[in-house]
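Me: I have a chain open and want a quick tour. Can you walk me through it?
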Amino acid sequence: MVAALGWVRDNIDRFGGDPANVTIFGQSGGAAKVSAVMTAPAAKGLFHRAIMESGSGALKLASPDDAGRAAHALLGEFGLQPGEAPKLRDAPADKLLAAMAKVVAAQGGANNFRPVLDGAFFTAHPFDIQAPTTARDVPLLIGSAETEITFYLAQDPKNRSLTAEQMRARVQRFLRIDAATTDRVVAAYAAAMPGATPTDVLAMIGSDQNYRMGMIQAAALK
C-alpha cells in the first residue's frame, strides 16, 4: 500500500491527478488498512485525507505471536516447514484462501492474516490509547454501514427466519455474555426497533459490535 501511494505521488499528475491532494478510502477490511496506513511512518506525507467505513479490526494490529501462529498453521495446511514459506507463492489462489479460512475458523474466527505490530514498519496500534500521531494533520471521515454483518448472515438462508430463541443463543455466543446479560441486551435492542424480527435484532447487534463501536471509538480518539 505504501509502495502504491509512492507510485501515485510520482505518477498521478500524468493522469490529471494532484499528488498533493490524495485521499485513501477503505470499507470493512479496507478501513482497517486505512487505519494501518495512517499509523505507518513510511506513509507519512503520501496521502492527505482518509475515509474509514465500517472498519473491522481497525483499532489494533495483529500481535507477532498471533500472526506467527496463524502463519505456522497456514504452512501446516500445505505440509510445509517454516523455511519453505516461499513455496506458498506457487499455491493456487483458491486453495490458499480455503486454507486461510480453515486456519481462521480453527482460531475461533480471529483473523491474524493482517498487518502486524512488528516494531519496525509499525511501532504502535492505530487507535488504541490515542489516534495515530503520524496522521495527526490528516482529516478523517468515518462511519459504518447500519447492518454490515448481513453480508455474512445472507450466505445462509436459514439466518433470514431465526426464532427468538435461536437469535438469543447466537447473541450470547457472539458477545460471550451470560444469559441474564443477553436478555438485557436483546430487550434494549427490541425496544429501540419496534416490529423488528429476530434476524433484524441479530443483524443490528452484530453490526454494532463488529463495526460501529470501533468506528465510534476511533472517531472519539481522533
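Reply: One term before we start: contact means heavy atoms within 4.5 Å. With that, take Gly26: leaving aside its neighbours within four places in sequence, Gly26 is in contact with Ala31, Val34, Ile51, Met52 and Glu53. Keep in mind that this is a predicted model.

Me: Where does Gly26 lie?
Reply: In strand β1.

Me: Is Gly26 buried or exposed?
Reply: Buried. Its relative accessible area is 5%, and the cut-off for buried is under 20%.

Me: How far apart are the C-alpha atoms of Gly26 and Ile51?
Reply: They are separated by 6.5 Å. Along the chain, the two residues are 25 positions apart.

Me: Let's zoom out. How many helices and strands are in the chain?
Reply: The chain has 8 helices and 3 strands. From the N terminus on, the order is α-β-α-β-α-α-β-α-α-α-α.

Me: What box do the C-alpha atoms fill?
Reply: Roughly 55 × 45 × 35 Å, taken along the principal axes.

Me: And what share of the residues is buried?
Reply: Buried residues make up 32% of the 222 in the chain.

Me: What about contacts between residues 24 or more positions apart?
Reply: Take the contacts with a separation of 6 or more. Residues 24 or more positions apart account for 71% of them.

Me: Backbone next. Which loop holds Ser28?
Reply: The loop between β1 (23–27) and α2 (29–39). Ser28 has a positive phi of about 60°, although it is not a glycine.

Me: Is Ser28 buried or exposed?
Reply: Ser28 is buried, at a relative accessible area of 12%.

Me: What is phi for Ser54?
Reply: Near 55°. That is a positive value in a residue other than glycine. Ser54 sits in the loop between β2 (49–53) and α3 (64–77).

Me: And its relative accessibility?
Reply: Ser54 is at 0%, so it counts as buried.

Me: Switching to helix packing. What are the angle and axis distance for α6 and α8?
Reply: Helix α6 (residues 164–175) and helix α8 (residues 198–221) pack at about 10°. Their axes are 9 Å apart.

Me: Roughly parallel or roughly antiparallel?
Reply: Roughly parallel. Angles under 35 degrees count as roughly parallel, so the α6 and α8 pair falls in that class.

Me: Which residues meet there?
Reply: From α6 come Ala164, Met167, Arg170, Val171, Phe174 and Leu175. From α8 come Pro198, Val201, Leu202, Ile205, Gly206, Gln209 and Asn210. By class, this contact of α6 with α8 has 9 nonpolar, 3 polar and 1 charged residues.

Me: Which helices supply the lining?
Reply: Among the elements, α2, α4 (93–106), α5 (150–153), α6 and α8 each supply at least two residues. The largest share, 7 residues, comes from α8.

Me: How does that lining divide by class?
Reply: The largest pocket has 23 nonpolar, 14 polar and 7 charged lining residues.

Me: And the volume of the second largest pocket?
Reply: About 150 Å³. It is lined by 13 residues, with Thr39, Ala124, His125, Gln130 and Thr133 closest to its centre.

Me: What classes are in that lining?
Reply: The lining of the second largest pocket divides into 6 nonpolar, 6 polar and 1 charged.

How values were computed: Residues are numbered from 1 along each chain as its sequence is written. This is a predicted model: local features need pLDDT of at least 70, side-chain atom pairs count only at pLDDT 80 or more; totals for chains, interfaces and linings use all residues. Side-chain values use heavy atoms; hydrogens and water are left out. Helices (H or I, at least four residues) and strands (E, at least two) are DSSP runs, numbered from the N terminus. Buried means under 20% relative accessible area, exposed over 50%, partly exposed in between (1.4 Å probe, protein chains only). Axes are lines fitted to C-alpha atoms, for helices over the stretch in contact, and angles run from 0 to 180 degrees between N-to-C directions. Angles under 35 degrees count as roughly parallel, over 145 as roughly antiparallel, 65 to 115 as roughly perpendicular and the rest as oblique. Ala, Val, Leu, Ile, Met, Phe, Trp, Tyr, Cys and Pro count as nonpolar, Asp, Glu, Lys and Arg as charged, and the others, Gly among them, as polar. On a 1 Å grid over the protein atoms alone, a cavity is a set of points where a 1.4 Å probe fits but cannot get out, and a pocket is an open set with protein on both sides within 12 Å along at least five of seven lines; lining residues have an atom within 4 Å of a point. Grid points are joined across faces, edges and corners, and a volume is the space filled by probe spheres set on the points.
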